[in-house]
Amino acid sequence: MKKLLITGSSGFLGGFCSHYPVEDWQIVQSSREKNSKNSVGYQHYPLELTIKDDVWQCLKTVKPDAVFHLAANSSTGFCEKNPEDSRVLNVDSTAVLAEMCAEKKVKFLFASSEQVFDGTKGNYREEDNPDPKNEYGRQKLNAEKAIQEIDNRAIILRLAVLYGSNQYGRDCFFSQWLDAWSKSVAVTAFHDEIRQFLSVQSCAACFYHLLKQDAEGIFHLGGSLAMSRYDFAKMMKEVLCIENAKIIEASQKDVDMPAFRPADLSLSCDKIKSTGFSLTNPLDELKALKPNLNIKPAIFLN
């Protein structure tokens with residue numbers, strides 16, 4: 001059976017990819033933690049990606065046929081304030097891992113971001129010129145360039161904002177909003193920040209879809225609808241039937257943030273659709289999520 005090594009398996013996306021029901025692949029999780037809560041019943045390799053010898057030893061021991069490189073420091077605020085520290089993991093370690101995988105003929109799939117674009121026009125295509133406006137976006141773009149120079153067979157998947165339950169990994173804004181609403185705390189959502197909100201389940205499915213196809217190159221992936229954070233918050237409130245959800249509508253310019261937030265990062269996903277992958281509608285995804293969410297019953301309408 002082929003082996004798939006997943007870095008960042010204790011993270012939000014890594015946790016879902018690690019638990020995705022897939023045949024013909026033995027999944028090996030890897031993270032800094034020696035005993036991850038996600039690793040019960042799975043093979044787990046504790047890995048410090050910033051130490052080159054550790055990476056080499058991991059590949060020698062696991063002998064993977066493919067790698068999902070999902071480990072990253074994805075906090076735009078942290079990257080902006082700590083560019084040198086975050087660059088070690090987000091760029092340098094990515095290049096090292098990609099080079100080692102190329103040497104061993106290991107298929108390499110990398111999670112990049114919509115943040116490589118400036119947000120001035122939206123509906124970005126894969127061939128559009130990246131122009132990141134924050135440190136996290138610059139690091140993702142530099143990682144992309146390093147990968148492309150090393151291995152032209154690699155897959156780079158530029159992802160929209162992910163949402164979903166935190167059952168397998170760390171929180172995202174979605175679970176943070178639900179937690180705030182369960183405590184009758186308001187959330188602030190921008191009406192002038194456009195995204196294509198993407199469920200983590202759909203994102204994991206796409207990684208395996210591209211792996212199965214042995215695809216190559218850059219792909220964009222988002223949900224089927226472009227909308228503001230404020231509109232997504234209202235959709236969550238309505239679909240999940242949360243009676244006391246308090247939403248404060250705001251503009252980006254009214255809130256002091258550590259990192260620049262591009263206005264419109266909607267993505268053209270025609271290329272990924274041409275491979276046979278279907279985009280998901282957030283309305284349908286939220287309806288499917290509702291029965292499995294750990295929300296206090298008191299905040300439900302019914």
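Tutor: Gladly. Keep in mind that this is a predicted model. We begin with the largest nonpolar core, which has 65 residues. Leu-13, Phe-68, Phe-174, Phe-207 and Phe-232 touch the most other members.

Student: Which helix gives the largest share of this core?

Tutor: Helix H7, residues 200–213, with 9 residues.

Student: What is Phe-207 in contact with, leaving aside its neighbours within four places in sequence?

Tutor: The list is Leu-13, Phe-68, Leu-70, Leu-109, Phe-110, Ala-111, Leu-157 and Leu-159.

Student: Why is Ala-143 called buried?

Tutor: Its relative accessible area is 0%. Buried means under 20%. So Ala-143 is buried.

Student: Where does Ala-143 lie, and what is it in contact with?

Tutor: Ala-143 lies in helix H5, residues 135–150. Leaving aside neighbours within four places in sequence, Ala-143 is in contact with Asn-90, Val-91, Thr-94 and Phe-110.

Student: What makes Phe-12 and Phe-16 an edge-to-face pair?

Tutor: Take the two values in turn. The ring centres are 6.0 Å apart, and rings pair if their centres lie within 6.5 Å. The planes stand at 75°, and over 60 degrees counts as edge-to-face. So the pair is edge-to-face.

Student: Where do Phe-12 and Phe-16 lie?

Tutor: Both lie in helix H1, residues 12–18. They are 4 residues apart, about one turn of the helix.

Student: Why do residues three or four places apart in an α-helix point the same way?

Tutor: Because an α-helix has 3.6 residues a turn.

Student: How many aromatic pairs are there, and which residues do ring pairs link into a cluster?

Tutor: The count comes to 13 aromatic pairs. The cluster links Tyr-163, Phe-173, Phe-174, Trp-177, Trp-181, Phe-197 and Phe-232.

Student: How do you know that the charged end of Lys-271 sits over the ring of Phe-219?

Tutor: The charged end of Lys-271 is 4.6 Å from the ring centre. The distance cut-off is within 6 Å, and the charge must also be within 35 degrees of the ring normal. The pair is listed as a charge over a ring. Arg-229 likewise lies over the face of Phe-173, at 5.3 Å from the ring centre.

Student: Which residues of helix H8 are buried?

Tutor: In H8, residues 229–239, the buried ones are Arg-229, Tyr-230, Phe-232, Ala-233, Met-235, Met-236 and Val-239. What covers them includes helix H6 (173–182), strand E13 (247–250) and helix H10 (282–289). Just after H8, Cys-241 takes a positive phi of about 55°.

Student: What makes Arg-87 and Glu-135 a salt bridge?

Tutor: Their closest N and O atoms are 3.0 Å apart. The cut-off is within 4 Å. The pair therefore meets the salt-bridge cut-off. It links distant parts of the chain: Arg-87 is in helix H4 (residues 83–103) and Glu-135 in helix H5, 48 residues apart.

Student: Are Arg-87 and Glu-135 buried or partly exposed?

Tutor: Arg-87 has 30% relative accessibility, so it counts as partly exposed. Glu-135 has a relative accessible area of 9%, so Glu-135 is buried.

Student: Why does the pair of Glu-114 and Arg-195 tie together parts that are 81 residues apart in sequence?

Tutor: Because Glu-114 lies in the loop between strand E5 (107–113) and H5, and Arg-195 in strand E9. Their closest N and O atoms are 3.4 Å apart, in a salt bridge. Both residues are buried.

Student: What else does the side chain of Arg-195 reach?

Tutor: The backbone oxygen of Ala-263, at 3.5 Å. Arg-195 also belongs to a network of salt bridges with Glu-114, Glu-193, Arg-229 and Arg-261. The whole structure has 18 salt bridges.

Note on methods:
Residues are numbered from 1 along each chain as its sequence is written. This is a predicted model: local features need pLDDT of at least 70, side-chain atom pairs count only at pLDDT 80 or more; totals for chains, interfaces and linings use all residues. Side-chain values use heavy atoms; hydrogens and water are left out. A nonpolar core is a set of buried Ala, Val, Leu, Ile, Met, Phe, Trp, Tyr and Cys residues joined through side-chain atoms within 4.5 Å. Buried means under 20% relative accessible area, exposed over 50%, partly exposed in between (1.4 Å probe, protein chains only). Helices (H or I, at least four residues) and strands (E, at least two) are DSSP runs, numbered from the N terminus. Contact means heavy atoms within 4.5 Å. Rings of Phe, Tyr and Trp (its six-membered ring) pair if their centres lie within 6.5 Å; planes under 30 degrees apart count as stacked, over 60 as edge-to-face and the rest as tilted. A polar contact is a pair of N or O atoms within 3.5 Å; within protein, one must be able to donate a hydrogen and the other to accept it, and residues adjacent in sequence count only if both atoms are side-chain atoms. A salt bridge is a side-chain nitrogen of Lys or Arg within 4 Å of a carboxyl oxygen of Asp or Glu.
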